[in-house]
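I opened my notebook to keep track of what I looked up in this structure. Here it is.

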Amino acid sequence: QVQLVESGGGLVQPGGSLRLSCVASGSAASINTMGWYRQAPGKQRELVAIINTSGGTTYADSVKARFTVSRDNAKNTVYLQMNSLKPEDTALYYCNAYIRLPLSPIWKAYWGQGTQVTVSS
């Protein structure tokens, strides 16, 4: 019943901007921390940014001051505003969320299928 739907990826020139969105379905579910990870070819998946239910954030050093993660709890949505994009930001970006189903005491990690971000001139 739970799925994460991502949008906003695409091709952009260096220095450009993109805004990624991820919507978690299932209004009856409880949603905790949400965030973004990315994986480039030949590299390990890495944390990009996460945000908790109170608005506290954590960023990778490589994106700090350029990316901003935010959320709209009423819409079950997390965003990633990406500015001053660099070629090294090119990767498949995955949405992540910890979700607890109704009547369940267990928090589980859910992942989107990924959205491609390509930064190239």
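My entries start with the whole chain and then turn to one residue.

**Ground rules.** I'm working with a predicted model, where local features need pLDDT of at least 70, side-chain atom pairs count only at pLDDT 80 or more, and totals for chains, interfaces and linings use all residues. I number residues from 1 along each chain as its sequence is written, and side-chain values use heavy atoms, with hydrogens and water left out.

**Fold.** I looked up the secondary structure and found 0 helices and 11 strands in the protein chain. Both are DSSP runs numbered from the N terminus: helices are H or I with at least four residues, strands are E with at least two.

**Extent and burial.** I noted that the C-alpha trace spans about 50 × 25 × 25 Å along its principal axes. Of the 121 residues, 39% count as buried (under 20% relative accessible area, with a 1.4 Å probe and protein chains only).

**R38.** Where does R38 lie? I found R38 in strand 4, residues 30–39. R38 counts as buried because its relative accessibility is 5%.

**Partners of R38.** I looked for polar contacts, meaning pairs of N or O atoms within 3.5 Å; within protein, one must be able to donate a hydrogen and the other to accept it, and residues adjacent in sequence count only if both atoms are side-chain atoms. The side chain of R38 has one of 2.7 Å with the side chain of E46 and one of 2.8 Å with that of Y93. Leaving aside residues up to four places away in sequence, R38 also touches other residues, including V48, F67 and D89 (contact means heavy atoms within 4.5 Å).

Key. Buried means under 20% relative accessible area, exposed over 50%, partly exposed in between (1.4 Å probe, protein chains only).
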